[in-house]
There are 2 protein chains.
Amino acid sequence: MPQQSPLDVPEGDPFGPHNLPYGVFTTPAEPERRRVGVRIGGYVLDAGAVAVALGSPYAGLLAQGSLNPLLAAGRTAWRDVRRALTAWVTDPGHRGTVEPHLLPLDEVTLHLPYEVADYVDFYASEHHATNVGRIFRPDGDALTPNWKHLPIGYHGRSGTIVVSGTDVVRPSGQRKAPTDPAPVFGPSVKLDIEAEVGFVVGAPSQMGRPVALGDFEEHVFGLFLLNDWSARDIQAWEYVPLGPFLGKSFATSVSAWVTPLEALDAARVAPPARDFPLLPYLDDSEVDRPGGFDLRITVSINGQEVARPPFASMYWTAAQQLAHMTVNGASLRTGDVFGSGTVSGPEVDERGSLLELTWNGRDAVELADGKRTFLEDGDTVTLTAWAPGADGTRVGLGEVTGRITAA
Amino acid sequence: MPQQSPLDVPEGDPFGPHNLPYGVFTTPAEPERRRVGVRIGGYVLDAGAVAVALGSPYAGLLAQGSLNPLLAAGRTAWRDVRRALTAWVTDPGHRGTVEPHLLPLDEVTLHLPYEVADYVDFYASEHHATNVGRIFRPDGDALTPNWKHLPIGYHGRSGTIVVSGTDVVRPSGQRKAPTDPAPVFGPSVKLDIEAEVGFVVGAPSQMGRPVALGDFEEHVFGLFLLNDWSARDIQAWEYVPLGPFLGKSFATSVSAWVTPLEALDAARVAPPARDFPLLPYLDDSEVDRPGGFDLRITVSINGQEVARPPFASMYWTAAQQLAHMTVNGASLRTGDVFGSGTVSGPEVDERGSLLELTWNGRDAVELADGKRTFLEDGDTVTLTAWAPGADGTRVGLGEVTGRITAA
């Protein structure tokens, strides 16, 4: 019997060898040397170092300071690298080589794992869009006429995407209550979260060549939790007619861990039934595998759970979003990120934003340390999630967390 | 008398030594080796090669394949490099070194001169916004209530910014006329232009630190003509409530030449009088130098002039746009691009889009080869511009041109 190893991940651990999400880390000894890591249990594997030590053909993709080279390598490489990693962490013959390259998670610093190219944010939850419509346009239809015909999206700011754990400074900006004679300037008083799932593009596409629904897995490498921080007061005053801008662009937090799509094969589910026939480029009624992902998200503020948004309830799938985003000929680049939009389920405690949970401040959420309508300075928001894996396992998603600091 | 030299630029040439815009080029002999060039008359100067030949301290900034290192170097470096370049092209003592590194413009290929980080598009012409409001919202106020309180903007797609000369494939997408029972899919039938001026950020800023109005020139390196191609039918159906997306993201063309702000000192003009008092972070009534630029733009289709939009008429200045874009703490990166929004003056023939020139297709524009409401396949659109320089000179802006190809 070999002695206890970090590779002996307890059964039921959501970060066992069936998961193997990717990240980028540094150590205190070498704070400038970023390295690709793979999470296994409570450890991070220095994947590049192992690849070099084993003379692996994937050293060129893994002995890097960012995931971008691996992302750009395409689906066959993703599959082959994952097979190799799985062998390294499960094959007893590799233990002697692998174990020296395992570092406890709490001894490393995690970084943004890819260089973000373009960032698009969607609006794909029917429950969320309906709630927002009811709150902001109480006299009109909750959903705009286009909502069930296309996945509504808009571009966000790539340069302010930050890794989980980064403090978020409360943004200042203009706001104007309907009763104010003119806008006022100051720190946002309606700072909110949006619990989302992000997707990162690996293989690029050519300008002028739409990506078909069925080619989703050729281009998208993996997914992660994303918190699209939102200043509702700034957003409400600015967003007509060209959409959200400063209400969103101050920070978007993403998990340090990217879960490869392959780890989520058992979590694929059919999206909800569609209420209208879809145009052919969005019609997923005949696709080989369902486009939804059964991710169970939990939103916590200061450690206290406030909502459990179910990603399986999203009306529009990520594959539909990708097909829509490129149908006009827009190209994809390695590192393009797109967010699902706030994940909200049909139930009150499944809503992925405080805007919805408090109905724009009307109904406070009760926390142990007091009531909340929107976020207060010092609040820490954490999103976690898991998905069903094969054979009753759970696939954990890396958390995304951030603390609000004063303006 | 020395014999005739490419450096003997005719008096009155808008690309004389008072201008010196920057670009990136390759030659047929070395199509993979991108080099920083400076335009002088009908020639491009291989600036990096001259810097190396002269042992210049700026060789590290100029002997590069993109302008990004120079952009990142900051304002003092921009000024010093410009002084050096001016000496190289005007000092007879340098002629022997400089002349071998001049290439006729028609013998080089020009490329996108910087790596674009984020792209933001504004909506800063009161005349344009008023026209659009009247066309699309005839029953409401032409301007939304926020318009005169903040420069409205939104993020665009960085990955589809292309250099002048790149063909633009007609995009396909969803559109729905009010009388249609459901959206239809197909090539855009309302393909349009937007004549704009773009600005590129050089020196980055830190997240959480707004850039004040007065620090505009510390961060912005230069400007250029920009054509924000727009599919009006796709845009009209998709843009409520989150703004333009696929109607814009298929292509944005920029000039191959970036004019440094220093070349435009004589073109600074005060913006129009403001109708409402501005919040302090946007209030430019007391700034040291006026924020407007007197750029005279010409829009041509297939060589025939259709409009002359005056950039001096813009309500919001680029400095105000930069201050607004960062007031929420959003950081700047080297290569961030922001566009002014369509430039339209008060007169009918000063409108910078076909949407306005034809009043959404009602009044066709007469061209030699037929009438146009929107663009037809094969049409070539070209924007040119000049600005007043010192002592009666003209500063030319590099053109931006693009041809529509069939979907």
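Student: What area do domain 1 of chain A and domain 2 of chain A bury between them?

Tutor: Domain 1 of chain A and domain 2 of chain A bury about 1600 Å² between them. Carbon and sulfur atoms carry 67% of that area. Keep in mind that this is a predicted model.

Student: Which residues of domain 1 of chain A lose the most area to domain 2 of chain A?

Tutor: Look for A:Tyr22, A:Leu71 and A:Trp78. Together they make up 37% of what the domain 1 side buries.

Student: Where are the bounds of the two domains of chain A?

Tutor: Domain 1 of chain A runs over 22-111, and domain 2 over 119-405. Their centres, taken over C-alpha atoms, are 29 Å apart. Domain 1 of chain A brings 20 residues to the contact, and domain 2 of chain A brings 19 residues.

Student: Which elements of domain 1 of chain A supply at least two residues to the side that touches domain 2 of chain A?

Tutor: There are strands and helices on that list. The strands of chain A are E1 (22-27), E2 (30-40) and E5 (109-111). The helices are H3 (68-73) and H4 (75-90).

Student: Now the two chains. What rotation superposes chain B on chain A?

Tutor: A rotation of 180°, with 0.0 Å of shift along its axis. The RMSD is 0.0 Å. The two copies are therefore related as by a two-fold rotation axis. The same surface serves both copies, since 100% of the contact residues of chain B recur in chain A.

Student: Which residue of chain B comes closest to the rotation axis?

Tutor: B:Gly243, with its C-alpha at 2.1 Å.

Student: How many residues of chain B are in contact with chain A?

Tutor: Chain B has 53 residues in contact with 53 residues of chain A. The chains bury about 5000 Å² between them, 64% of it on carbon and sulfur atoms.

Student: How many salt bridges and polar pairs are found between chain B and chain A?

Tutor: The rule finds two salt bridges across that interface. Go to B:Arg157 and A:Asp336, whose side chains meet in a salt bridge at 3.0 Å, N to O. The count of residue pairs in polar contact is 23. Among the elements of chain B giving two or more residues to the side that touches chain A are strand E6 (119-122), helix H8 (232-238) and helix H9 (318-326). The largest share, four residues, comes from E7(B).

Student: Which backbone angles deserve a look?

Tutor: Most residues other than glycine have a negative phi, and most peptide bonds are trans. Now the exceptions here. The bond from A:Val240 to A:Pro241 is cis, with omega near 5°. A:Pro241 sits in the loop between helix H8 (232-238) and strand E16 (252-254) of chain A. In chain B, a cis peptide bond joins B:Val240 and B:Pro241, with omega about 10°. B:Pro241 lies in the loop between H8 and strand E16 (252-254) of chain B.

Student: Where does A:Asn360 lie, and what is its phi?

Tutor: A:Asn360 lies in the loop between helix H10 (354-357) and strand E23 (365-367) of chain A. Its phi is near 60°, a positive value in a residue other than glycine.

Definitions and conventions. Residues are numbered from 1 along each chain as its sequence is written. Chains are lettered from A and ligands numbered from 1 in the order in which they are written. This is a predicted model: local features need pLDDT of at least 70, side-chain atom pairs count only at pLDDT 80 or more; totals for chains, interfaces and linings use all residues. Side-chain values use heavy atoms; hydrogens and water are left out. Copies are superposed by least squares on the C-alpha atoms of residues with pLDDT of at least 70 in both. Contact means heavy atoms within 4.5 Å. Domain bounds come from an automatic or database domain assignment. Buried area is the accessible area (1.4 Å probe) that two parts lose on being put together, summed over both. A salt bridge is a side-chain nitrogen of Lys or Arg within 4 Å of a carboxyl oxygen of Asp or Glu. A polar contact is a pair of N or O atoms within 3.5 Å; within protein, one must be able to donate a hydrogen and the other to accept it, and residues adjacent in sequence count only if both atoms are side-chain atoms.
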